[in-house]
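Visitor: I have not looked at this structure before. Could you take me through it by way of a few questions?

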Amino acid sequence: MGVKDYIRTRFFPHIWCPGCGHGTVLNSLLTAIEKLGLSKNDIVFVSGIGCSSRISGYVDFHTLHTIHGRAVAFATGVKMSRPGLNIIVPMGDGDALAIGGNHFIHAARRNIDLTAIVMNNRIYGMTGGQFSPLSGYGIKATTAPYYNIDHGFDIAELSVAAGATFVARSTTYHVKQLTNIFCKAILHKGFSVVEVLSQCPTYFGRKNNAGSAVDMMEFYKNNTIPKGSKAKEENSDLIERGIFVQKELPEYCEEYDKIIKIAKNRG
Amino acid sequence: MGRPELKEHIINKDWCKGCGICVHFCPKNVLELDSDAKVYAARPEDCIYCRLCELRCPDLAIEVKKVTFNERKDKIRSGQ
Ligand SMILES: Cc1ncc(C[n+]2csc(CCOP(=O)(O)OP(=O)(O)O)c2C)c(N)n1
Ligand code: SF4
Ligand code: SF4
Ligand code: SF4
Ligand SMILES: [Mg+2]
């Protein structure tokens, strides 16, 4: 099957702006799923609200387009009732880490087998360019016309600290790495987080004079480095790409099953 | 001696939004935007089939295939 077999072509061309990184995330996810040869019937996409979350509407799998910040909560419900399914949870940076931040860290702590994808454009794209917890200090947004004084999260560090057992980062420029990481994240048993730096030329780009989508991808190319490279010691502003954590820990649904068995035996 | 492998760029003009990502990042400068801001393969003979254009396109609007001379719809003019 080609990637086109995994989409609902009737909804194309999609709604995203020209050059929106979210389309490339869709592309790479489909490429990963095709590579893994997964059956459409075994995949569930669960998303919340945002430009990023619209991804669920475009893929021809089981899909739930739910409410803002609650994708992980719905996904937890699906996984608990049907643990055999592969659950992918694409979220925006606001969706995952502003309104959804608490769900996010606790799902990581529980190590429930979900693949969380944070499509990080450092802005609320859908609602017109308000700053998010990922915008970071000095960034302009419609709600920070001078500049933002909030510091941003580091999604990878946050996820590691919260207990996620697979944590990785890549960008829409580095599509081969991104596809590879998606494959590993989907196969990983436990809570996996993939942060994708994904350009929003329309709001983040315009507000911050970051140029076109191409310019923003040039930025990803020139300002990110493979994890562990020496260049980071000389320039701490460089952003690391790669896999930060990949470890085995008991998975939540399996542990829950054990408790059910114990309780039944006591019956 | 067999014929060199040809590449065909299949472009969905209804989906292409003219963002220029594929054009800018093609390592062989194969692609260009036309006057309607839709992509086309201006120098298909230079294509090395890395498929980066296809993998990066946010709109799933470009696909690259290896084809034989007879299969290729817009056969290359130069020297074949
Ligand atoms: C409960 C609730 N609060 C607020 C909103 C408005 N809202 C919709 S999307 C969004 C944020 C979108 O930003 P992000 O999650 O980063 O996704 P993006 O659009 O940037 O991909 C907000 C605040 C909402 N739909 N529901
Ligand atoms: S507003 Fe930004 S995030 Fe939303 S579709 Fe446009 S470019 Fe993408
Ligand atoms: S990357 Fe896709 S949408 Fe952008 S110009 Fe190329 S074919 Fe068109
Ligand atoms: S396959 Fe590679 S060389 Fe060929 S047009 Fe696409 S990006 Fe350029
Ligand atoms: Mg966002």
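**Questions on the model**

Guide: Leaving aside neighbours within four places in sequence, A:H174 is in contact with A:Y220, A:K221, A:T224 and A:R241. The model is a predicted one.

Visitor: Does A:H174 count as buried or exposed?

Guide: A residue is buried when its relative accessible area is under 20%. The value for A:H174 is 13%, so A:H174 counts as buried.

Visitor: Which side chain does a polar contact of 2.8 Å join to that of A:H174?

Guide: A polar contact needs a pair of N or O atoms within 3.5 Å. At 2.8 Å, the pair formed with the side chain of A:H174 belongs to A:T171.

Visitor: Which residues are buried in helix 7 of chain A?

Guide: Helix 7 covers residues 175-187, 13 residues in total, and its span of 18 Å is close to the 18 Å expected. In an α-helix, residues three or four places apart point the same way, because there are 3.6 residues a turn. The buried residues of helix 7 in chain A are A:V175, A:L178, A:T179, A:I181, A:F182, A:C183, A:A185 and A:I186.

Visitor: Which helix of chain A gives the most to the shell around ligand 1?

Guide: The shell has 17 residues, and among the closest are A:D93 and A:D95. By class, six are nonpolar, nine polar and two charged. With three residues, the element that gives the most is helix 4 (residues 93-97) of chain A.

Visitor: Which pattern does chain B follow along the sequence?

Guide: Chain B has two helices and four strands. Read along the sequence, their pattern is β-α-β-β-α-β.

Visitor: What share of the 80 residues in chain B is buried?

Guide: The accessible surface of chain B is about 4,500 Å², with 48% of it belonging to carbon and sulfur atoms. Among the 80 residues of chain B, the buried share is 42%.

Key
Residues numbered from 1 in each chain as written. Chains lettered and ligands numbered in written order. Predicted model: local features only at pLDDT ≥ 70, side-chain atom pairs only at ≥ 80, totals over all residues. Heavy atoms only, no water. Near = heavy atom within 4 Å. Nonpolar A, V, L, I, M, F, W, Y, C, P; charged D, E, K, R; others polar. Expected span 1.5 Å × (residues − 1). Buried < 20%, exposed > 50% of the residue type's maximum accessible area, 1.4 Å probe, protein only. Areas by Shrake-Rupley, 256 points an atom, 1.4 Å probe, with all protein chains shown as cover. Polar contact = N/O pair within 3.5 Å; in protein donor to acceptor, adjacent residues only side chain to side chain. Contact = heavy atoms within 4.5 Å.
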